[in-house]
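Hi,

Here is the model I said I would pass on.

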Amino acid sequence: MNCAQAREMLDAFLTGELSAAEVKELRGHLDSCEECREELEETKRFTTTMMDILRPLKPRERFSQKVTERTVRTPGLRRLVGWIALGAAGVVALAASVALLAGEEPAARLGPCMGEVQLFRYSLGEWRRAELRPELYAGERLVTPPGSRATVHFPGATVRLGENGIVQLSAEGLSLGMGRLYVDARTETGAAVRAGSTVVRATQARLEVEVRHDGSVRVSAYEGTADVKSGPGSFRLREGRAVEFVPGRIPRKEEEIKEHLPPWLDEATLEEKMRRAGELVAQLEQKDAHRAYGELLELGGAALPALLRAAESPDDASTPLVLKALGKLGGPPAEPAVRRRLLSDDERVFRAACEALAGLGVKRTPSDFADVLADPERPAAVRAEAAGWLGRVRAEAETPTLLLSLACGEPLVEIAAAEALVGLGSKAGGLALANMLADAREEVRKRAHEALVRGYGTTLPADRDAWSDWLTQR
Amino acid sequence: MDDGECVRRALGGDRDAFGALVEKYKALAVMYAFKRVGRIFDAEDIAQDAFVRAFLALEKLREPKKFRSWLLAIVANLSRDWYRKKKESLGLELDERAGKGAGARENELRIAVAEAIESLPENYQVVAAMRYLEGLRYAEMSSRLGLSEVALRKRVHRANQLLRGKLRGLV
């Protein structure tokens with residue numbers, strides 16, 4: 001054995017993973033070679049130090065398992081709940097419930113609903129939208145987008161789910177993933193609600209359970225008492241009291257509640273808000289549109305029905321603001337209406353639709369933008385806007401469409417495509433812009449120069465050769 | 001099974017094949033994220049997100065054998081997003097990556113070591129991350145990488161030599 005062979009074995013020797021024969025041979029070499037003995041000590045020291053430094057970064061035990069769990073659930077779950085920013089505890093609550101299989105007997109019946117209540121079933125590896133029907137089965141999930149709410153009758157209770165809510169039905173009761181749930185359990189059978197690691201059971205009682213975005217859970221007993229179990233502890237919540245659980249903290253002290261009902265159940269206020277939203281949407285065409293827009297946003301989900309109606313009518317001066325508001329408030333129900341506006345030939349409407357889609361958290365599909373860019377029938381301003389979005393969403397896969405657009409004959413589109421290419425790190429974009437600096441039209445030269453300065457953050461003069469040389473040397 | 005084969009099988013519905021890629025690259029992905037954000041738990045979250053995103057977009061990967069660089073590009077993008085959001089929400093300056101508390105010195109050293117590993121040739125990065133960050137033994141590394149223990153000894157030894165050169169005076 002020579003030194004090189006011996007040194008390759010030192011680390012495995014230190015971990016005790018050499019065969020008996022290899023150990024014998026290595027020891028024989030070490031006995032006769034001082035340099036390799038020193039190398040053994042140095043290997044030991046270096047490896048130990050490196051491990052000490054990097055050990056805190058070691059992925060936790062459940063790293064791979066968590067990735068697997070998320071890849072199993074994500075396709076449906078993300079689409080379903082991403083837009084209401086489901087808190088960590090909510091995910092855990094839902095995860096615990098996913099395993100429950102749909103039973104054969106209906107677990108509950110749907111009562112009166114308002115807005116676009118949605119029903120989902122888990123099948124073939126993802127959550128799929130099902131048609132809303134009176135019978136609900138264990139394992140199914142109800143979702144209330146902004147502006148909607150649902151009533152569900154169980155054998156022992158009637159519950160009402162407020163807007164932005166998700167509940168999952170199970171044989172034992174129901175899990176609240178997000179939102180506010182009012183439970184009227186004035187029966188002997190009563191009800192059980194799971195929210196994160198908190199379980200609430202009650203008979204002859206009326207209560208509210210709320211799961212917030214940050215994963216905290218609040219339980220309020222409006223009538224009767226509730227048995228609350230959270231983590232290892234359990235206690236009885238008295239009538240007229242509320243308690244809050246924040247992950248990782250000691251439960252907050254109980255506080256008194258004065259109302260007889262949760263305020264969000266006040267139907268009269270909601271109807272008034274919806275009526276007001278109708279008025280405000282009509283004002284979006286007027287001069288002081290921004291004031292109306294601000295007030296609309298404050299109305300939250302109650303503004304959604306009026307906005308969706310407006311989004312169905314033909315383009316007018318109010319359309320960009322309608323789309324903007326939908327982008328902020330809409331959630332998935334607004335997506336089809338917004339996406340349709342990508343067909344608009346009005347540049348302002350097209351841009352507002354792109355921005356709204358981004359606001360909805362909809363997976364932006366670069367191919368939508370690429371189709372617009374490649375369509376010679378669409379106005380140049382719209383195609384240029386689409387090219388800009390391809391750059392913004394970093395659509396590397398659409399680079400060929402952008403390259404083709406560099407010679408489409410429309411200066412506005414060519415400049416936007418070239419700028420997008422610069423953003424994607426393609427030199428072709430920069431060189432195309434540099435060439436445009438020699439264009440006969442002053443407007444083209446000016447825009448190309450501005451795009452170059454924006455793209456590269458350097459202020460060379462508007463001279464083709466100067467930029468070409470600079471780009472070539474980069 | 002090489003990365004390309006794992007990707008093809010994962011696309012065919014074989015979840016274990018994707019699991020093998022997670023096992024192979026998780027340490028490297030966490031280290032890459034850490035080098036960029038300087039926070040241990042955020043780095044792990046970013047690495048996890050990157051795997052989930054990679055899985056969801058797997059069919060877009062044109063060259064399956066380039067899974068590693070594609071994954072690490074996702075990690076880099078997510079780290080950038082994380083940084084931008086943090087900066088927006090806290091007004092953090094970019095140089096605060098290493099923090100200022102008592103652990104700042106260790107964090108700086110950790111970032112320097114991560115940088116050194118990242119500068120190694122690809123083959124050595126994975127073994128260095130597995131050996132030093134995860135503390136894996138040869139038997140486990142051999143099963144994750146599909147390499148013989150003898151071949152691994154050469155690779156670890158070479159990675160060790162290169163790193164000692166790069167980190168002289170620091171480690």
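In chain B, ring pairs join B:Phe18, B:Tyr25, B:Phe55, B:Phe67 and B:Trp70 into a cluster. Rings of Phe, Tyr and Trp (its six-membered ring) count as a pair if their centres lie within 6.5 Å, with planes under 30 degrees apart called stacked, over 60 edge-to-face and the rest tilted. The whole structure has 11 aromatic pairs over all chains. The pair B:Phe18 and B:Phe55 is edge-to-face, because the ring centres are 5.0 Å apart and the planes stand at 70°. It links distant parts of the chain: B:Phe18 belongs to helix H2 and B:Phe55 to helix H3 (residues 40–56) of chain B, 37 residues apart. Helices (H or I, at least four residues) and strands (E, at least two) are DSSP runs, numbered from the N terminus. Both B:Phe18 and B:Phe55 are buried; buried means under 20% relative accessible area, exposed over 50% and partly exposed in between (1.4 Å probe, protein chains only).

A word on the ground rules: this is a predicted model, where local features need pLDDT of at least 70, side-chain atom pairs count only at pLDDT 80 or more, and totals for chains, interfaces and linings use all residues. Residues are numbered from 1 along each chain as its sequence is written, chains are lettered from A and ligands numbered from 1 in the order in which they are written, and side-chain values use heavy atoms, with hydrogens and water left out.

Now the cores. A nonpolar core here is a set of buried Ala, Val, Leu, Ile, Met, Phe, Trp, Tyr and Cys residues joined through side-chain atoms within 4.5 Å. The largest one has 78 residues, and those with the most contacts inside it are A:Met50, A:Leu54, B:Phe18, B:Phe51, B:Phe67, B:Ile117 and B:Leu163. Helix H2 (residues 15–37) of chain B gives the largest share of this core, 14 residues. Apart from it lies another core, of 70 residues, including A:Phe350 and A:Leu421. Beyond its neighbours within four places in sequence, B:Leu163 touches residues of both chains, among them A:Phe46, A:Met50, B:Ile117 and B:Tyr132 (contact means heavy atoms within 4.5 Å).

Between the chains, 44 residues of chain B are in contact with 38 residues of chain A. The area buried there is about 4,100 Å², with carbon and sulfur atoms giving 61%; buried area is the accessible area (1.4 Å probe) that two parts lose on being put together, summed over both. B:Tyr132, B:Arg153 and B:Arg164 supply 17% of what chain B buries against chain A, more than any other three residues.

Chain B has 8 helices and 0 strands, and buried residues make up 52% of its 171 residues.

What about cysteines? There are 0 disulfides over all chains, taking a disulfide as a pair of cysteine sulfur atoms within 2.5 Å. For A:Cys33, the nearest cysteine sulfur is that of A:Cys36, 3.6 Å away. A:Cys33 is buried, at 12% relative accessible area, while A:Cys408 is partly exposed at 28%.

Last, two spots in chain A. The charged end of A:Arg392 sits over the ring of A:Trp389, 4.7 Å from its centre (the cut-offs are NZ of Lys or CZ of Arg within 6 Å of the ring centre and within 35 degrees of the ring normal). A:Met436 lies in helix H16 (residues 427–436) of chain A and is buried, at 8% relative accessibility.

Cheers
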